[in-house]
Amino acid sequence: MHLGDLIPVAVAGRLDAARFGRVWEISQRGARAPETEGSRPAQSSRHGALTLRRYERPASQVSFDFVAEWNRAIVSRVAPGGQVSWCYRAPDHFECADPPAQSVKAELLEIDTSPHLALATSLASHATTVIEFDRVPLGRELAVGAGLHNVWLRKAGKGTVSLRVLVQGRELGRIQAGNLTGWTLRKFDTSALAGQSESVRFEITVDDPNSRYFGFAAEARS
Amino acid sequence: MADVGQAKRRGKGPRWIVPLALALASSGWLLAVEGRQGLARDEAQYFRAGERYWGWFEALGEAVAARKPGRAFSRAVVDSFWGDNHEHPPLMKTLYGLSWRLFHRCDCVGPKQGLHPIAVHGKHRTLPLFSRESTAFRFPAILLAGLGVALVYGFARRFIGPWAAAGAAVLSVAQPHYFFHAQISCFDVPIAVMALLVAWAYWKSLRSPRWGILCGVFYGFALATKHNAWLIPCFLVVHYLWMRRGDFLRLRPPRVPLAFVSMASLGPILLFALWPWLWHAPVARTREWLQRHTQHEHYNFEYLGQNWNLPPPPTQTGRWLLRATFPFVSTAFTVPVTTLALAAAGAVVLARRRRKDAPADEPDLINPEPPEPGARASWLRPGADVDLAPGMFLAVQILGPLATLAFPSTPIFGGVKHFLTAMPFLAMVAGVGLAWVTRQATSLVRPLRLRRALPAALATLLCLPAVAETQRSHPDGVGHYNLLAGGFAGGASLGMNRQFWGYSVLPLLPWIKAHRPPSNRVYWHDVLHDAVMMYVRDGRLPVGIGDLGVGEPLVAQSDLGIVILEKHFAVYEYLHWEAYQTTRPAQVYAHEGVPFVVAYQRGAPPPPQEPLPP
């Protein structure tokens with residue numbers, strides 16, 4: 001019962017394992033962790049039914065963790081006509097007027113029945129939720145993971161959430177999240193901007209907000 | 001062949017001794033181990049409903065004593081008792097309530113008096129057979145499971161010898177999933193037994209009008225047990241049309257047999273008579289009952305690593321096909337391998353069965369009811385002039401329930417329990433396989449004594465793995481997977497459903513009791529209030545133990561919480577991590593290394609650090 005019990009919540013809900021240079025894998029019955037797929041272990045030993053493996057690899061340097069730095073964000077809702085309404089920052093979340101609930105919050109979510117510490121976003125119909133970070137120190141890539149929270153909401157709702165990722169106003173790409181998309185991880189190339197501090201903007205829209213609770217996490221890395 | 005020879009001596013000595021012994025042994029086995037089986041979520045609701053239904057009989061008694069019996073039949077009084085859990089018919093719940101009233105050891109006054117769903121006015125006078133109230137509730141289900149075993153023996157004896165039939169009977173209950181459901185106060189094994197009873201009556205009605213009438217009576221009981229009964233006639237019709245296919249070739253459609261007439265008439269009448277909730281609005285409430293189950297929502301269920309809670313659209317061909325494999329793969333992974341192998345052999349025997357054995361040949365099956373020479377079929381004896389086609393009969397009874405669950409639009413949340421009605425028939429086919437194995441083995445042995453001992457020895461030997469596997473799976477039979485899947489751990493690795501109904505908390509109750517937080521704020525997750533209350537009434541939890549109720553926001557208010565480990569319940573584990581700011585469980589219940597329940601405790605001290613060896 002003590003296996004893994006020393007893992008902090010933030011590590012359990014990690015975006016991925018890129019920031020870790022050393023990975024310990026405890027497995028049984030030939031199972032492998034997705035994080036070690038394709039890697040060769042530096043050390044491996046058997047302990048009864050369990051196999052312990054150690055992997056060594058170059059760790060990504062995270063220059064900006066968007067979830068950890070959630071309170072540096074500027075959050076707004078943009079109506080189809082371009083009218084902007086600003087969301088205000090409470091001690092542990094952002095609150096927007098429509099819907100009048102915790103609109104953006106760093107939270108441990110269940111996405112694809114796995115834990116993900118993410119910026120949880122309740123969505124508004126006919127409006128774009130914008131989460132913008134100014135002067136983000138960029139590295140070679142921007143990793144973004146996204147998906148829909150809560151198994152019952154994924155059953156009840158039908159809408160597809162679209163996350164648009166922009167740096168310096170230029171679109172890097174989009175991630176679509178639906179009931180069956182799970183946790184989608186994409187890595188956008190920012191090597192041309194490595195070492196610079198730029199604004200990073202996330203625009204979230206949904207075609208049907210009913211029973212949609214969207215979460216995303218992002219890291220700027222080198 | 002010794003087995004056949006013994007079978008031909010049928011009728012010498014009382015025929016009921018062996019089935020009675022099998023029934024008693026099975027019920028005894030179930031009673032001996034049910035105390036280790038936690039209370040299932042739905043079961044606890046049936047306890048409550050059963051006790052309420054008993055309350056109506058008390059009200060009836062009071063009304064009769066007051067010389068106003070009509071009062072108990074008023075809509076208000078009927079609904080106040082029988083309205084509880086009216087999505088399921090009442091026969092078994094009524095028996096559970098009656099058994100509780102008769103056989104519990106009354107601890108009903110004092111601090112537990114208020115825990116009952118009906119008013120308790122004083123100490124009950126009972127025959128206190130059971131120390132736990134839950135056992136008294138479960139007793140009818142356990143007896144009925146024993147009856148099912150006896151029925152398998154009796155039915156199988158029409159085809160095979162006594163040892164192979166006894167083997168079939170044992171294999172019918174020695175299935176971990178079936179065994180799990182056989183000891184609890186639910187409806188899945190009771191309806192399997194009822195389906196077997198109806199099928200047997202139908203089978204006998206093919207040559208006997210008396211059984212045609214009985215078939216309708218039994219069908220009424222089946223209807224009053226569970227809605228699976230709706231499907232029973234469909235499977236029987238398929239067999240009947242196959243058996244009488246010659247009529248179509250002669251362009252003379254077969255007559256509607258008495259059994260079907262009886263089922264169509266007596267069945268609904270009995271259902272109505274047994275279900276007071278229908279009495280005041282039979283049409284509207286029957287419609288409500290039908291709609292409840294034909295439009296049942298899809299709960300969450302794990303199958304091959306995916307969580308299924310909606311029917312896959314046909315446009316998603318891969319998911320659609322994968323979902324369609326569910327009942328067949330689940331059967332292959334949950335029924336003991338020896339039973340599957342014997343059933344495969346039996347299926348071959350049945351498929352190759354010759355209708356007219358040459359006199360010199362040993363028959364593959366004992367068939368005491370060949371077509372009667374010169375007999376003419378009538379609606380009273382519709383199988384008099386034809387072969388009864390036992391192979392098709394058994395195939396339809398097995399494949400029918402599985403095929404129903406193969407439709408992607410059919411909810412699968414109950415897993416194997418939804419097609420348990422197939423299992424007694426599968427065991428009968430395994431019995432046919434056992435008879436074949438016995439015959440092959442006997443032909444290789446010359447000493448007469450050994451030949452005579454072989455049927456018993458082989459039946460024992462080939463039933464032992466299934467019995468051992470079933471005993472080993474207890475109390476988590478619903479999470480058991482067989483040798484093909486790799487046991488409990490193999491099933492977990494394959495992403496097969498581990499459990500449902502929150503029954504598995506039982507082994508953790510002593511720990512929860514010992515670590516009850518001073519705030520008394522306990523989050524019980526999928527162990528519903530009715531189950532917690534019954535644990536209290538059984539003396540397994542203290543009176544006054546906290547129960548915060550159901551719902552995600554309540555986790556944050558708790559100081560001790562449990563999570564029943566099902567794939568779709570992952571969110572509850574993360575809610576505990578966030579609320580308690582730790583991922584470390586305080587206690588885990590696991591079976592053969594597969595965790596079933598984890599408990600979290602707010603502010604629990606970290607475990608002692610054990611220095612690693614250099």
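Helices (H or I, at least four residues) and strands (E, at least two) are DSSP runs here, numbered from the N terminus. This is a predicted model, where local features need pLDDT of at least 70, side-chain atom pairs count only at pLDDT 80 or more, and totals for chains, interfaces and linings use all residues. Residues are numbered from 1 along each chain as its sequence is written, with chains lettered from A and ligands numbered from 1 in the order in which they are written.

- Most residues other than glycine have a negative phi, and most peptide bonds are trans.
- A cis peptide bond, with omega about 5°, links B:His474 to B:Pro475.
- B:Pro475 sits in the chain B loop between α21 (448–473) and α22 (487–494).
- A:Arg135 isn't a glycine, yet its phi is positive at about 50°; look for A:Arg135 in strand β11 (residues 128–137) of chain A.
- B:Asn85, also not a glycine, has a positive phi near 55°, and lies in the loop between α4 (75–82) and α5 (91–103) of chain B.

**Exposure**

- A residue is buried if 20 or more other C-beta atoms (placed from the backbone) lie within 10 Å of its own, exposed if 12 or fewer, and partly exposed in between.
- A:Arg135 counts as exposed because it has 11 C-beta neighbours inside 10 Å.
- B:Asn85 has 18 other C-beta atoms within 10 Å, so it's partly exposed.

**A sheet in chain A**

- Three strands of chain A form an open sheet in the order β1-β3-β2, paired antiparallel; pairing takes at least two DSSP bridges between two strands.
- β1 (22–28) and β2 (43–47) of chain A are at the edges with a single partner strand each, so one side of each has no neighbour in the sheet.
- Seven bridges join β1(A) to the antiparallel β3 (residues 50–56) of chain A, and A:Glu25 stands opposite A:Arg53 in β3(A).
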